[in-house]
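Try each task before reading its solution.

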Amino acid sequence: MITREEIANVLDHPVYDGDGNKIGDAKHVFFDDMTGRPEWVSVKTGMLGSNESFVPIRDAALVQDHLEVPYRKDMVKGAPSVDVDAGGHLSETEEHRLYDYYGINWDSVLSEAERTDDGRWAAGPGPAGTAGAAGAAGAGGVAGAAGMAGRQDAGDRTAMRGDDAMTRSEEQMHVGVERRESGRARLRKYVVTEEVQQTVPVTHEEVRVEREPITDANRGEALSGPEISEDEHEVTLHAERPVVETETVPVERVRMTTEEHTENETVRGRVRKERIEAETEEYTDDDLRKGRE
């Protein structure tokens, strides 16, 4: 069973079920109004810690840096919804629902406390720390991350009045960050076909007929054949044409890297604070006169 001295080691620490699964983080501890013993712990659950589920702390155990409860994770997350901000107390109806949900007999709860001669409640022979016995308003005294001052039982409140001092407490908001996947990026290589154009010079041969008059220099060659005849002379013509071929060559290396960018986000939350005000009462002359009498 968790004691008052161990509460500081419970708050804002992980809570695990009996199978070793993390349920969430302990945020508040509720004390029994009469015995002053821890009775319930609220656990922040959900992806972003947006839900708060109640689980009995009577059979919980503090193991190293976390709290272990004898209930499965899905059972704790499915517990009846309770308004944590409702004045720091559980109503009797809410507590009945929670006891029924976790299979705890309400009659056995009532038998676990007995009244002592001085009018305060003390633990009976059964398991200690029962909340809501004898029609009480339920487990009270929320202990948050800011501490447990001002959430004590009746005996402690008497001592506080005798000390002429009050302890003012307030909740503090602690904001952290979690790292999660936001997307995926990949490199994909595929083939496309493009039309390219390039101009190259090409040459070709054309026939040109040259005529020359008969002169003394070529007369002999010109008269070497028959006087009248048919003949032909053939010349082979040449031309260039473009020839295209492709060659695969590496042109660049491509890789992906990641870089972090930091930006500011505003987180809003609600915290409760205690206020202490002094009240004065002025006596009249009649009051003072009566006091002297």
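**Exercise 1.** Is Tyr 101 buried, partly exposed or exposed?

*Solution.* A word on the model comes before the steps. This is a predicted model, in which local features need pLDDT of at least 70 and side-chain atom pairs count only at pLDDT 80 or more, while totals for chains, interfaces and linings use all residues. Residues are numbered from 1 along each chain as its sequence is written, and side-chain values use heavy atoms, with hydrogens and water left out.

Step 1: recall the cut-offs. Buried means under 20% relative accessible area, exposed means over 50%, and partly exposed lies in between (1.4 Å probe, protein chains only).

Step 2: apply them. Tyr 101 has a relative accessible area of 28%, so Tyr 101 is partly exposed.

**Exercise 2.** Find how the rings of Tyr 101 and Tyr 102 are arranged.

*Solution.* Step 1: set the rule. Rings of Phe, Tyr and Trp (its six-membered ring) pair if their centres lie within 6.5 Å; planes under 30 degrees apart count as stacked, over 60 as edge-to-face and the rest as tilted.

Step 1: count the pairs. The structure holds 5 aromatic pairs. One of them joins Tyr 101 and Tyr 102, with 5.2 Å centre to centre and 90 degrees between the planes, which makes the pair edge-to-face.

Step 2: check the partner. Tyr 102 has a relative accessible area of 6%, so Tyr 102 is buried.

Step 3: widen the view. Tyr 101 and Tyr 102 belong to one aromatic cluster that also includes Trp 40, Tyr 71 and Tyr 99.

**Exercise 3.** Describe the salt bridge of Lys 44 and Glu 52, and the exposure of each partner.

*Solution.* Step 1: a salt bridge is a side-chain nitrogen of Lys or Arg within 4 Å of a carboxyl oxygen of Asp or Glu. The whole structure has 11 salt bridges.

Step 1: between Lys 44 and Glu 52, the N to O distance is 3.8 Å.

Step 2: Lys 44 is partly exposed at 28% relative accessibility, whereas Glu 52 is buried at 18%.

**Exercise 4.** Now do likewise for Arg 168 with Glu 170, and for Asp 216 with Arg 219.

*Solution.* Step 1: the closest N and O atoms of Arg 168 and Glu 170 are 3.2 Å apart. Arg 168 is partly exposed at 41%, and Glu 170 is partly exposed at 28%.

Step 1: Asp 216 and Arg 219 meet at 4.0 Å, N to O. Asp 216 is exposed at 72%, while Arg 219 is partly exposed at 41%.
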